[in-house]
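Here is a friendly walk through one protein chain and some of its side chains. Keep the picture beside you as you read.

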Amino acid sequence: MATDTQPAPLSVQPAEGQIIQHDGKTYETIREGKAYILSPPNTRTAVDPRAQSKGGDGGEKPQNVFYNPIQQFNRDLSVLAIKAFGEDLCRKRRVRHEKDAGKLQSKQDRKRKKQPEQQPGANGDGGGMKRKSEKDTPEGGIEISAKRQRSDDEATVVAITSSTVVDVQPGTQSDENSSTAAGTTAERFEQDSATAPIEHVTNGPATGTVGESITPEWKPKFRILDALSATGLRALRYATEIPFATSIVANDMDRNATKSIRMNVEHNKLSNIVDVNTGNAIGHMYGVAYPPTNGHGPSHVNAKYDVIDLDPYGTAAPFIDAALQALNDGGLLCVTCTDSGVFASCGYAEKTYSLYGGMPIKGNHSHEGGLRIILHSIATAAARYGLAIEPLLSLSIDFYVRMFVRVTRSPADVKFLAGKTMLAYNCDAGCGAWHAQMLGRNVRQKGKASSKEQEKNPTFHFKHGIAQAPSADRLCEHCKSKMHVAGPMWGGPLHNAAFVEKILKDAKSADKEIYRTIPRVEGMLDTALDELVVLDDVWQGVSRQDDLPKTPPETVDNHPFFFIPSAISKVIHCQAPPEAAIKGALRHAGYRATRSHCKPGSVKTDAPWVAIWRIMREWARQRAPIKEGALREGQAGWRIMQVDGEEAEKPNGNTEQTGGAQDSPDIVTEKAHEAAGSPPADPKAFKVTFDEVLGKDKPGRKVVRYQQNPRENWGPMARAKGSARSS
């Protein structure tokens, strides 16, 4: 913390709590991660709805540029996620670069061997025939004209002389032109590429300085766009905390915002890596995706991004299409939506459909439904261009959702989209049960080879068709209440296990002074990883040599959503069972049970609702009898309990509670979270045992899974006042 009372100039080394004087204005330095931003003193960072004055309590000033300290968790998670993704992407590009360089060297060696020996002339100047692409050099040698190779991830110029093979990055041949063209994003990329090394390979022993080897490691480009930058804090943190990032663009259409970003960039000494752009984010991304036609040719540089971060105030729907097209193949799309009143509520269903192309679902699982609706909107927008998406991490956090989606160009994978798109029939007015209805089917079929050949080298292909319908009646099969439709929505997995594990590994070794929300990051990621327990093993026969392998495109989440025992106990008007008792009963019956990151006290399972209600009826019979008169005829709970008389004729077996304090071990095994066996053949008739020891999760260090609000009036704050026409 700075102790000087006199304001310091902008050029001073940044430190938390500094008072900075710049352009006649005074600013206070705020630190987050390794980045520093400047904010006018006494600027509002929280909203008290009870405040009477417009300036807020204590004379706080309204924000001119939006900054919300509450979303530090979002930014910490984003840095860790982009770093985990970028390390894998850069590693793949290095491998590809080495492979291409080896092929190029082999090709050059073959050409050199085929090249006819030159006969010296009478004057000793090598008067033999020259190739069309050769010319005399001032030193009397022969130079072959430059050849260019282009790819999505690098642009290499190869200059070959009679004694030297040189790999030169664009920009090194004309440093003056590069230095005068630093205004645009594409031109800045050329400067970034100029930092790559020059490698000399000689045909024989080197003499003097000719043919010397320069050893700096080749660096692949890694470009990030902070499309809606506001203060530029995200861009600053990406520049300071992601060491392999080569170029970062901070964009905002508000001139006050970009002026603030430039000041923050200068204060952080990051002008060499962070570009500031004033303009409409949609227009900027479309301009990157479709550059002017006069910009094409041998000097054209691919200005697409490897990561695009969309963090708007409200919905990200208007930016999705442009962002998908401005991404490189295999790039990462980071999306935040804060309009949970739209995607996770039925109060504005028409708005949900107009923005995301789906109807919201009602109930405790509405936020997971919102996640899936937004992912569906991204998937359908990408599919129009032959792009397939893979959610690497999708989280419902407080008042918003955050998704990290890998986008690849694969028309073959796009064919699986219909089979991963679902409708949900929801009994929101009755017992809360739901049924998923897929729109398509992806049927795996064996190849046409003989059976012997199939055993040696099994082959298969997929047949894509239309799913059967409906999966549910107009009325709920359990309580006879009306069913309502929700969706269409994403029906695939929400996370990639390898990606979550990689972030968790990095988070455990991260500096807690920089990432101050690490305890919550670890807790939420660990919970998200647990959600995948109910999925079938999708990695059978799939190579997992990559650090971040691709989830097979045919993977479907057959068990979406979750239920909360205390909520469904209200339906039958009985005492709520402990979470461990319900999980123990499910696992003892052979089902898998875990928790969801969306809500505390949730249970995510692969058990059907028939089995869940059988367990609840047994709970009411054994442990929490329903008071007489609590259920009236015609209620949802009354209809569910009517099945109790039919099941009473079928003995439940050992109906006594097991796993209590007297007959259960104190230590829970590591595999306690797994099912005890295979699910029962008849989910309507199986032995129910409330084994709370089996229902407890595996032991481990305590983590913050569901954080409570740290203070009053904790939320998204009000939108900052600004305009694109601001001067």
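A disulfide is a pair of cysteine sulfur atoms within 2.5 Å. By that rule, the count here comes to zero disulfides. The model is a predicted one, so local features need pLDDT of at least 70 and side-chain atom pairs count only at pLDDT 80 or more, while totals for chains, interfaces and linings use all residues. Residues are numbered from 1 along each chain as its sequence is written, and side-chain values use heavy atoms, with hydrogens and water left out.

Cys427 is buried at 0% relative accessibility. Cys90 is buried too, at 2%, and Cys574 counts as buried at 12%.

Cys427 lies in the loop between β16 (421-426) and β17 (434-438). Cys427 and His478 are 51 residues apart in sequence, and their C-alpha atoms are 9.4 Å apart in space.

**Salt bridges**

A salt bridge is a side-chain nitrogen of Lys or Arg within 4 Å of a carboxyl oxygen of Asp or Glu. How many salt bridges does a search of the whole structure find? The search finds 32. Here are three of them.

| Pair | Closest N to O |
|---|---|
| Lys583 and Asp697 | 3.5 Å |
| Glu618 and Arg614 | 3.9 Å |

Asp311 lies in the loop between β12 (305-310) and α7 (320-325) and Arg234 in helix α4 (residues 233-241), so the pair ties together parts that are 77 residues apart in sequence. Asp311 is buried at 14% relative accessible area, and Arg234 is buried at 5%.

Now look at Lys583 and Asp697, another salt-bridged pair. Lys583 belongs to helix α16 (residues 579-588) and Asp697 to the segment after α19 (692-695), so this pair ties together parts that are 114 residues apart in sequence. Lys583 is buried, with a relative accessible area of 1%, whereas Asp697 is partly exposed at 26%.

Glu618 and Arg614 both lie in helix α17 (residues 609-622), four residues apart, or about one turn of the helix. Both Glu618 and Arg614 are buried. Elsewhere, salt bridges that share partners join Asp526, Asp530, Glu579, Lys583, Arg587, Arg595, Asp697 and Arg705 into one network.

**Backbone details**

Some features belong to the backbone. The peptide bond from Ala469 to Pro470 is cis, with omega near -10 degrees, and Pro470 lies in the loop between β19 (460-466) and β20 (484-490). Another cis peptide bond joins Gly487 and Pro488, with omega about 5 degrees; Pro488 lies in strand β20.

Ala230 has a positive phi of about 60 degrees although it is not a glycine. Ala230 is found in the loop between β9 (223-226) and α4, and counts as buried at 18% relative accessibility. Lys269 likewise has a positive phi of about 60 degrees without being a glycine. Lys269 sits in the loop between α5 (255-267) and β11 (274-278) and counts as partly exposed at 41%.

Key: Buried means under 20% relative accessible area, exposed over 50%, partly exposed in between (1.4 Å probe, protein chains only). Helices (H or I, at least four residues) and strands (E, at least two) are DSSP runs, numbered from the N terminus.
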